[in-house]
Every structure is written in structure tokens, then in C-alpha cells.
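Good morning, and thank you for joining.

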Amino acid sequence: MKNFIYLSIIGLSLISCGGGEDSPPVEEVNVAPSTPTLTLPVDNKLCVDNTVAFQWNVSTDANKDIITYKIEVAKDNVFSQIVKTAEIKTNSTSVALEKNTAYYWRIKATDSKGLASAYSATFKLYTTGEAVVNHLPFSPELVAPVLNIALDGTTTLLKWSASDVDTSDALTYDVYFGTSNPPTEKVSENAAAISTTVTIEPAKQYYWKVVVKDNKGGETVGQVWKFKTN
């Protein structure tokens with residue numbers, strides 16, 4: 001009887017501690033590749049050859065998956081006018097572009113399981129043309145207020161950034177602001193500052209845009225930005 005009880009206890013112990021080899025394997029969680037970092041051409045580059053060589057740092061993938069890179073090249077900084085898109089395995093490619101044109105480019109990485117990184121930062125470049133003495137400014141970039149934000153108060157500061165591949169050019173700005181889309185009221189003209197304060201009212205949707213002008217007659221119209229008030 002004692003032997004029987006002893007064997008029963010051993011059997012229960014084996015049952016309670018067993019099953020290690022029969023446990024299902026832990027499924028590996030897929031992780032997106034790291035976001036690529038753009039390297040060449042550097043931001044704001046004037047490219048004398050319209051066949052441009054693009055390069056970026058290799059993304060890492062925790063699962064060791066094969067990575068494919070998607071490049072987008074556009075004529076605007078919101079990528080609504082994409083002129084070139086391609087998916088490649090290497091971290092560089094060359095693209096033939098039009099002369100005397102501003103371009104914007106970005107990259108994202110996708111692993112072999114279909115999980116993608118965020119897009120990289122956007123870089124801009126300008127292709128030179130024959131006998132070109134002036135290049136248009138790049139499109140302005142939004143700083144504040146954040147797109148689609150809801151604001152309180154009676155005034156707000158509109159702020160942006162802008163650049164020109166002709167670094168010696170002096171830039172000025174016209175600002176359009178109002179409740180119509182696109183805005184038609186010019187609230188600031190030929191100003192050198194990259195910000196302006198406007199009056200706002202509660203419970204309204206506002207739209208604004210910036211026109212960047214250089215001192216050689218070139219100008220670039222920015223996209224329409226918007227925010228609302230509480």
C-alpha cells in the first residue's frame with residue numbers, strides 16, 4: 001500500500017512538472033524596420049546634374065527580415081505631385097529629373113512580412129538648368145500652429161520656415177489668412193519676418209498660406225494650412 005501511494009505521488013509530480021517539450025513555441029512578434037535616414041543629396045542641395053544619385057542609411061530589422069525601400073520624389077512637399085516612386089533592395093538609386101526644378105524626396109522601409117517604418121524626414125533639392133541665373137525658393141514649411149489644432153484665445157501666431165538654394169537671396173513673405181479655402185485676404189505683405197500675429201474668433205475654421213518671394217522676382221506659393229477655434 002505504501003509503495004502504491006509513493007508511486008502515485010511520483011506520478012502526480014511528473015504530470016505537474018511535465019509538458020515542457022509539448023508546450024507550443026512562442027510566436028515571434030514582428031517589428032517594423034527602423035526609419036531610414038537620408039544622406040545624399042544633402043538637404044537644400046543644388047544639383048548641377050539632373051540625374052540625381054539618392055542615398056540613405058541602411059535600416060535595421062530586429063527580426064532579420066529582408067528590407068525593401070520605397071523612394072518617393074515629388075514636386076511639392078506634401079507629395080501630391082509625385083514624379084518618381086520605386087521599390088528597391090539597396091540603399092541608393094539614381095533618378096533622372098527635369099532641369100531647373102525644385103524636388104522633395106523621402107524613403108520608407110518595409111520588411112518581408114509587410115510591416116513598414118514611418119517615412120523619413122523630407123529633403124529638398126534643386127536641379128540647375130542651362131543659363132539659369134535664379135532658382136525659385138522652396139515651398140514654405142509649417143511651424144505653428146500645428147495643422148488641424150483647436151485653439152483658444154483672441155490672437156495666434158502664424159509661423160513658418162523657408163529656404164532658397166541661392167543662399168544669398170533675400171526672402172520676403174506674403175501671408176493670406178481667413179475663413180475661406182483658399183484664403184484670399186492678404187494680412188501681411190513683403191515682410192522679412194517668418195511669423196505674423198492674426199486675430200481669431202471662437203468656433204471658426206481658419207485657413208492660411210504663405211507666398212515666398214526672393215529679391216530676383218522668383219516666388220513660390222505654399223500649400224494651404226488650417227486650424228480651428230474652440
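**Aromatic rings and a central strand**

Trp 160, Tyr 173, Trp 208 and Trp 225 are linked into a cluster by ring pairs, where rings of Phe, Tyr and Trp (its six-membered ring) pair if their centres lie within 6.5 Å; planes under 30 degrees apart count as stacked, over 60 as edge-to-face and the rest as tilted. The model is predicted, so local features need pLDDT of at least 70 and side-chain atom pairs pLDDT 80 or more, while totals for chains, interfaces and linings use all residues. Residues are numbered from 1 along each chain as its sequence is written, and side-chain values use heavy atoms, without hydrogens and water.

Across the whole structure, 11 aromatic pairs are found. In one of them, Trp 105 and Phe 123, the centres are 6.1 Å apart and the planes at 85°, so this pair is edge-to-face. Both residues are buried, that is, under 20% relative accessible area with a 1.4 Å probe, protein chains only.

Since 6 of its 7 residues are buried, β12 is largely enclosed by the rest of the structure. β12 pairs with β15 in the antiparallel sense over 7 bridges, pairing requiring at least two DSSP bridges. What stands opposite Tyr 176 in β15? The residue is Lys 209, and Lys 209 also lies over the face of Tyr 176, at 5.3 Å from the ring centre; the criterion is NZ of Lys or CZ of Arg within 6 Å of the ring centre and within 35 degrees of the ring normal.

Note on methods. Buried < 20%, exposed > 50% of the residue type's maximum accessible area, 1.4 Å probe, protein only. Helix = DSSP H or I, 4+ residues; strand = E, 2+ residues; numbered from the N terminus.
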